[in-house]
Amino acid sequence: MFYRRISEDLQVALTLPQHAEALFDLTDRNRTYLKAWLPWLDATKSASDTKRFIESNLESFAKGTALNEVLLYQGSIAGVLGFNEIDTFNGIGQVGYWLGEAYTRRGLMTVAVADLIQLGFQDLRLQRVEIRCATENWRSRAIPERLGFQHEGTLRNVERVGQRLHSHAVYGLLRSEFQAKD
Ligand SMILES: CC(C)(COP(=O)(O)OP(=O)(O)OC[C@H]1O[C@@H](n2cnc3c(N)ncnc32)[C@H](O)[C@@H]1OP(=O)(O)O)[C@@H](O)C(=O)NCCC(=O)NCCS
């Protein structure tokens with residue numbers, strides 16, 4: 001099984017159908033918290049919805065076009081991260097992530113995204129990693145900023161979440177910049 005140890009307390013694992021119940025449970029407990037920034041909460045009503053999402057992600061993983069991980073903190077699922085899309089022709093990975101509120105403010109996602117980036121450049125041979133965050137989502141934006149991404153610009157009114165239209169801050173990190181940081 002695909003599994004990476006980040007520290008004694010923190011691991012990431014390829015998201016599998018076996019994670020559906022626990023992942024749905026975390027989603028359901030954090031609905032209100034996540035709804036401000038993520039558009040798919042209303043469509044996720046049961047563990048079978050989560051299982052379908054995982055299965056579809058695994059199909060993309062098999063084609064090399066996505067990679068979804070669960071973040072395990074002290075053995076429990078704390079959140080999700082991954083390359084939501086991998087453009088194999090151009091070597092670009094689009095990162096997405098979320099945490100259960102109880103697991104925030106400890107630096108867990110920043111270190112997990114750093115590990116994902118390393119995997120992307122070294123194992124998946126990406127040449128660019130991209131993170132798009134709603135311009136007002138300062139906690140999300142802090143992650144690429146901490147990890148040395150360049151803020152490359154803003155896409156205006158690109159995502160509807162509930163009643164609101166969000167603009168996206170686009171952050172990019174190139175393989176050459178990642179290597180230069182070592
Ligand atoms: C985006 C999200 C994952 C960020 O969570 P987070 O807890 O701020 O991120 P991290 O786990 O990296 O933790 C960073 C916090 O831990 C602190 N921290 C402690 N130790 C740290 C360490 N070793 N390294 C980095 N940060 C550390 C940081 O100071 C920061 O806290 P602060 O905001 O009070 O300064 C979370 O807000 C979330 O899930 N939001 C809802 C969904 C969402 O917006 N997803 C992104 C869509 S683009």
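Colleague: Which exposed residues does the face of α5 turned away from its buried side carry?

Modeller: This is a predicted model. That face of α5 carries Trp138, Arg139 and Arg146. Exposed means over 50% relative accessible area.

Colleague: Which residues of α5 are buried?

Modeller: Helix α5 spans residues 138-146, and Ser140, Arg141, Ile143 and Pro144 are buried there.

Colleague: What makes you say that they line one face of the helix?

Modeller: Look down the axis of α5. Its buried residues fall within an arc of 145 degrees, so they line one face. In general, an α-helix has 3.6 residues a turn, so residues three or four places apart point the same way.

Colleague: What covers the buried residues of α5?

Modeller: The cover includes α4 and the strands β5, β6, β7 and β8. After α5 comes Gly148, with a positive phi near 85 degrees.

Colleague: Why is Thr110 called buried?

Modeller: Its relative accessible area is 13%. The cut-off for buried is under 20%, so Thr110 is buried. Thr110 sits in helix α4, residues 108-122. Leaving out residues up to four places away in sequence, Thr110 touches Ile143, Arg146 and Leu147.

Colleague: Which residues lie nearest the centre of the largest pocket?

Modeller: Leu38, Gly96, Tyr97, Trp98 and Ser140 do, out of 46 lining residues. The pocket holds about 1,300 Å³ of space. β5 gives the largest share of the lining, six residues.

Colleague: How does the lining split by class?

Modeller: The lining has 23 nonpolar, 15 polar and eight charged residues.

Key. Residues are numbered from 1 along each chain as its sequence is written. This is a predicted model: local features need pLDDT of at least 70, side-chain atom pairs count only at pLDDT 80 or more; totals for chains, interfaces and linings use all residues. Side-chain values use heavy atoms; hydrogens and water are left out. Helices (H or I, at least four residues) and strands (E, at least two) are DSSP runs, numbered from the N terminus. Buried means under 20% relative accessible area, exposed over 50%, partly exposed in between (1.4 Å probe, protein chains only). Contact means heavy atoms within 4.5 Å. The arc is that of the directions from the helix axis to the C-beta atoms. On a 1 Å grid over the protein atoms alone, a cavity is a set of points where a 1.4 Å probe fits but cannot get out, and a pocket is an open set with protein on both sides within 12 Å along at least five of seven lines; lining residues have an atom within 4 Å of a point. Grid points are joined across faces, edges and corners, and a volume is the space filled by probe spheres set on the points. Ala, Val, Leu, Ile, Met, Phe, Trp, Tyr, Cys and Pro count as nonpolar, Asp, Glu, Lys and Arg as charged, and the others, Gly among them, as polar.
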